[in-house]
Amino acid sequence: MHDDSDPPRKFYAFKPTEFERANEAPRDSIPAVDSQPAPDPGVTPAHRGRIDVRELARIALGGRPALGHNAVANRPNEVHGILRDNLARDNAAGLYNVSLRQRRSRRLRDYLIVVAVLNAPIGVVAWLSRGEQIVLVLLLSGFVFFNLRFAWHVWAIMDDY
């Protein structure tokens, strides 16, 4: 296969220090060399009273009203009409009809079912091992641990569902 030739070498340098002038400046705006600018008048004295923020805001506004001169004018357009039609169609379909009836929680029912189903084997094993004290102690501790842990999880950690 034929090897591609190397691209031409690039030369890098700093940008020019002066701007390129696209248009020449008009001749009449160039000040004469022999004219001197007027001397700086310095700081002009202000009135001796207190500075009021409201007065500064009035001066900054330049005589215009403080509010409302820059407000957005919401003019009706086709988008507003489309949105109004969509809202009317959704209201007619009943999409925004919300019932205020509070739903009953299934938490107590589910808690009682799980406790009954999972504690039944522990109770059966405890009844069968009547004479073994260590088995009864271990089963009782498992029973207490499971019920406390499950009650904490259902009633304190989980949200209502």
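User: Why does Arg 107 count as buried?
Analyst: The relative accessibility of Arg 107 is 13%. Buried means under 20% relative accessible area, exposed means over 50%, and partly exposed lies in between (1.4 Å probe, protein chains only). Arg 107 therefore counts as buried. The model is predicted, so local features need pLDDT of at least 70 and side-chain atom pairs count only at pLDDT 80 or more, while totals for chains, interfaces and linings use all residues. Residues are numbered from 1 along each chain as its sequence is written, and side-chain values use heavy atoms, without hydrogens and water.

User: Which residues does Arg 107 touch, not counting those up to four places away in sequence?
Analyst: Arg 107 touches Val 154, Trp 155, Met 158, Asp 159, Asp 160 and Tyr 161; a contact means heavy atoms within 4.5 Å. Arg 107 itself is found in helix 3, residues 107-128.

User: What makes the pair of Tyr 111 and Phe 150 stacked?
Analyst: Rings of Phe, Tyr and Trp (its six-membered ring) pair if their centres lie within 6.5 Å; planes under 30 degrees apart count as stacked, over 60 as edge-to-face and the rest as tilted. By this rule there are three aromatic pairs. The ring centres of Tyr 111 and Phe 150 are 5.5 Å apart and their planes stand at 5°, so this pair is stacked. Tyr 111 lies in helix 3 and Phe 150 in helix 4 (residues 133-157), so the pair ties together parts 39 residues apart in sequence.

User: How do you know whether Tyr 111 and Phe 150 are buried or exposed?
Analyst: Tyr 111 has a relative accessible area of 15% and is therefore buried. Phe 150, at 18%, is buried by the rule given above.

User: Why is the pair of Tyr 111 and Trp 155 called edge-to-face?
Analyst: The centres of these two rings are 5.8 Å apart and the planes of Tyr 111 and Trp 155 stand at 65°, so the pair is edge-to-face. This pair links distant parts of the chain, with Tyr 111 in helix 3 and Trp 155 in helix 4, 44 residues apart. Trp 155 has 41% relative accessibility and so counts as partly exposed. Tyr 111, Phe 146, Phe 150 and Trp 155 form one aromatic cluster.

User: What makes the contact between Arg 58 and Glu 55 a salt bridge?
Analyst: A salt bridge is a side-chain nitrogen of Lys or Arg within 4 Å of a carboxyl oxygen of Asp or Glu. For Arg 58 and Glu 55, the N to O distance is 2.2 Å. Both residues lie in helix 1 (residues 53-61), three residues apart, about one turn of the helix. An α-helix has 3.6 residues a turn, so residues three or four places apart point the same way. Arg 58, at 48% relative accessibility, counts as partly exposed, as does Glu 55 at 34%.

User: How many salt bridges does this rule give?
Analyst: The count comes to three. Among them, Arg 54 and Asp 52 meet at 3.7 Å, N to O, and Asp 110 pairs with Arg 109, their closest N and O atoms being 3.1 Å apart. Arg 54 is exposed at 67%, whereas Asp 52 is partly exposed at 37%.

User: How do you know that helix 2 is close to its expected reach?
Analyst: The expected span is 1.5 Å times one less than the number of residues. Helix 2 (residues 78-93) has 16 residues and reaches 23 Å from its first C-alpha to its last, close to the 22 Å expected. Helices (H or I, at least four residues) and strands (E, at least two) are DSSP runs, numbered from the N terminus; the chain has four helices and zero strands.
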